[in-house]
Amino acid sequence: MRDVPAPESLGVEMIGVPVGATLDLDLRMESVSEGVLVSGTVTGPVEGECGRCLRTINDTVSVTVQELYAYPHSITDETTDEDEIGRVQGDLIDLEPAVRDAVVLALPTNPLCRDECPGLCPECGAHLDEVPADHSHQQVDARWAALAKLKTEE
Ligand SMILES: [Zn+2]
Ligand SMILES: [Zn+2]
């Protein structure tokens, strides 16, 4: 198990791993004929914002990674693009793109603080968890009230 600080922008718009947070890499490296096969799990904390109520979300993401890194001058090296299959560079392997892809794929595109989050009142912005169940607002503008009436009569 190895700990590394999270790189920048490891996430999507609403949720991601904070920069510098600790990522646990539990990875195995195997030499195969064409290169090095890296497999294992990456775990790290995620922070985000609920898409409905904007509350902070603190969670953990855990993803499995399996990625081949080709040796220079191997057949794989000569028949694939560097974007498709990573390369062993000297003694080094750049794991960041693979980790980034796996983590970003695992994150929800519309994160919620909990599945049934009721969100915010569209009128006043109060969290619907924190107000009585019958929370409502009087329609003050008569024209809108008339429209609302038409709608219910349809
Ligand atoms: Zn929420
Ligand atoms: Zn309200």
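Predicted model: local features only at pLDDT ≥ 70, side-chain atom pairs only at ≥ 80, totals over all residues.
Local features need pLDDT of at least 70 and side-chain atom pairs count only at pLDDT 80 or more, while totals for chains, interfaces and linings use all residues. Residues are numbered from 1 along each chain as its sequence is written, and side-chain values use heavy atoms, with hydrogens and water left out.

The protein has three helices and eight strands (DSSP runs, H or I of at least four residues for helices and E of at least two for strands, numbered from the N terminus). Read from the N terminus, the order is β-β-β-β-β-β-α-β-β-α-α. Of the 154 residues, 27% are buried (under 20% relative accessible area, with exposed meaning over 50% and partly exposed in between; 1.4 Å probe, protein chains only).

Asp59 sits in strand 6, residues 56-70, and counts as partly exposed because its relative accessibility is 46%. Leaving aside residues up to four places away in sequence, Asp59 touches Gly44, Pro45 and Val46. Cys113 is 54 residues from Asp59 along the chain, with 9.5 Å between the two C-alpha atoms.

With 53% relative accessibility, Glu84 counts as exposed.

Note on methods. Chains lettered and ligands numbered in written order. Contact = heavy atoms within 4.5 Å.
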